[in-house]
Amino acid sequence: PYIVINTTENHFWLYNAKSQMVYEGSCSTGSQTVLDNGVKQWMFKTPKGVRKIISKVKNPVWTKPDWAFIEEGLPVPGPRHPSRYEPGVLGDYSLHIGDGYMLHGTIYQRFLGMPVTHGCVRLGDKELEMVFKTLVVGSKVFVY
């Protein structure tokens, strides 16, 4: 099984092990915006190319990176500070594709289909569950 993600149209196609399309739908990908705090710069884009599912997690907890605090105008805490860990914002599942990028859910369902993420691919609840159940560790993720 594999998934194809179009970052221009914020659309995806899910294929089973027989290369049959089993679902297509909207997703959200990188906003293409830049955050600059004068010391470091972050570009929020979804990386294109071929990746693979490295791991799958049920009930994931988001570990907030430095940019999330800077974006909110907050001081950046130490690497293991409790404020780094935020349950519930990634949906019921996450699928890791490397370099901190994931396919995951969102609490902002109304923005699906729009380029609003920090680089991850956000899916609706129903779509996320289907993707999680269809893809396996090692499944290819084609992003263009």
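1. Lys-133 and Glu-129 form a salt bridge whose closest N and O atoms are 2.8 Å apart; the term denotes a side-chain nitrogen of Lys or Arg within 4 Å of a carboxyl oxygen of Asp or Glu. The two residues are four apart in helix H2, and are therefore separated by about one helical turn. Lys-133 is exposed, at 61% relative accessible area, whereas Glu-129 is partly exposed at 31%. Here buried means under 20% relative accessible area, exposed over 50%, and partly exposed in between (1.4 Å probe, protein chains only). Helices (H or I, at least four residues) and strands (E, at least two) are DSSP runs numbered from the N terminus.

2. The model is predicted: local features need pLDDT of at least 70, side-chain atom pairs count only at pLDDT 80 or more, and totals for chains, interfaces and linings use all residues. Residues are numbered from 1 along each chain as its sequence is written, and side-chain values use heavy atoms, with hydrogens and water left out.

3. The whole structure contains five salt bridges. Lys-64, Glu-72 and Glu-86 are linked in a network of them. Lys-64 is buried, at 6% relative accessibility, while Glu-72 is partly exposed at 48% and Glu-86 is partly exposed at 26%. The N to O distance is 3.5 Å for Glu-72 with Lys-64, and 3.5 Å for Glu-86 with Lys-64. Glu-86 lies in strand E9 and Lys-64 in the loop between strand E8 (61-63) and helix H1 (66-71), so this pair ties together parts 22 residues apart in sequence.

4. Which residues have the most contacts inside the largest nonpolar core? They are Ile-3, Ile-5, Phe-12, Leu-95, Leu-103, Val-131 and Val-141, in a core of 19 residues. Such a core is a set of buried Ala, Val, Leu, Ile, Met, Phe, Trp, Tyr and Cys residues joined through side-chain atoms within 4.5 Å. E1, strand E2 (11-15), E10, helix H2 (125-134) and E13 each supply at least two of its residues. A second, separate core of ten residues includes Trp-42, Phe-44, Val-89 and Met-102.

5. Strand E13 (residues 140-143) has Val-141 and Val-143 on its covered face, and Lys-140 and Phe-142 on its uncovered one. Strand E1 (residues 2-6) runs parallel to E13, joined by four bridges; pairing requires at least two DSSP bridges between two strands. Val-4 stands opposite Phe-142 in E13. Strand E6 (residues 49-52) pairs with E13 in the antiparallel sense, over four bridges, and Lys-52 stands opposite Lys-140.
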